[in-house]
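Hello,

Here is the structure you asked about. My notes on it follow below.

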Amino acid sequence: MSLSIGDTHFTVPTFDFYFKFKIPEPNKDRLITKRDYLGRIVESEMLSFLSYNWRMAGYDNVAKKYSDSMSNVGDFYHRTQIDPNVYKIIGDPKDKIIYDLGCGNGYIARNLAKKGAKVFASDVSSELVKLAKEKSKGLEIDYSVRDALDFNGFADGQFDIVLMNMVIHYIKDVDALFRGISRIVRKDGLFVLSTGHPFRPGRPYSVWEVGKIDNKEVLFVKVTGYLKKETRNIVCWCDDKTKLVMYNQPLNLLVNTMAKYGLHTIQVEEPKSDGFAHDFSKKLQKSHHIPTFIIIGARKSADVKIHP
């Protein structure tokens with residue numbers, strides 16, 4: 001299918017879900033043809049799809065630097081605070097079929113494959129997927145370059161586990177995301193996600209501040225905008241210049257939308273922050289007991305049926 005948006009022309013796949021809409025009946029105020037209606041649906045969906053890919057294409061520019069920082073075990077924060085809890089929720093991956101959605105350089109996929117899992121892994125960055133493939137020779141990992149909301153080609157209940165490690169904050173439409181994940185996870189299967197803790201967003205939405213409790217100095221976090229569902233422009237930590245977009249998602253939005261599609265929370269981990277607030281003394285750094293990340297495990301209920 002060819003699509004024109006302004007002066008730009010695209011050749012894009014025609015996905016079945018574009019055409020599974022009920023066409024409204026014409027009324028005296030406005031007549032609409034099926035062709036016109038479906039055309040506008042496709043254009044709207046493709047604008048959203050292309051917008052996501054243009055935003056995330058920034059990772060192509062920093063793919064090598066990002067991959068090097070993650071290596072085969074993750075960076076400091078993944079190694080010490082995020083990944084141990086992800087692996088704890090996953091449990092023994094041997095003989096499991098796992099989808100690593102937003103795999104980056106594939107180090108999680110490789111570690112799971114080495115432990116006996118059959119792994120599918122995808123990322124929107126073609127450069128990261130290229131690097132992941134180079135690092136994964138000899139391992140049973142099926143890599144693909146795809147949008148996070150693209151579940152085409154996956155069967156209902158195909159996976160024992162779906163994993164999103166520090167990815168979900170880049171996804172605006174979490175309703176479509178969780179709907180798709182619920183469809184491809186088997187009954188009683190697991191969905192595991194990690195993200196920045198919504199109580200500790202990045203600057204300027206949170207700042208460290210010294211205060212006193214019982215006349216003793218402690219470190220506080222001053223936070224604003226927690227409940228605001230909004231788009232936030234950031235700069236990638238890889239090079240301090242590549243522009244990315246993140247979405248602020250309150251915890252209730254994530255948990256309740258997951259439950260809507262039968263993904264019921266069974267485990268929540270909030271590791272204590274380490275390696276932050278460098279402008280303050282070691283004593284103050286240890287005083288705050290505030291998490292920077294949150295890891296959530298959900299199990300798909302057996303009575304949910306999601307169709308593509």
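**What was found**

Strands β8 (residues 206-213) and β9 (residues 216-223) pair in the antiparallel sense over eight bridges. Pairing requires at least two bridges by DSSP; helices (H or I, at least four residues) and strands (E, at least two) are DSSP runs, numbered from the N terminus. This is a predicted model, in which local features need pLDDT of at least 70 and side-chain atom pairs count only at pLDDT 80 or more, while totals for chains, interfaces and linings use all residues. Residues are numbered from 1 along each chain as its sequence is written, and side-chain values use heavy atoms, with hydrogens and water left out.

Val-207 has Lys-222 of β9 as its bridge partner. Two residues lie between the strands of this hairpin, and Asp-214 takes a positive phi near 50 degrees there.

His-288 is in the loop between α9 (282-285) and β13 (293-300). His-288 counts as buried because its relative accessibility is 9% (buried is under 20% relative accessible area, exposed over 50%, partly exposed in between, with a 1.4 Å probe and protein chains only). A polar atom of its side chain lies 3.2 Å from the backbone oxygen of Gln-285, and one lies 2.9 Å from the backbone nitrogen of Ile-290. Leaving aside residues up to four places away in sequence, His-288 touches Trp-208, Leu-219 and Ser-273 (contact means heavy atoms within 4.5 Å).

In helix α8 (residues 251-260), Leu-254, Thr-257 and Met-258 are buried. On the other side of α8, Asn-256 and Lys-260 are exposed.

Regards

Technical notes. Polar contact = N/O pair within 3.5 Å; in protein donor to acceptor, adjacent residues only side chain to side chain.
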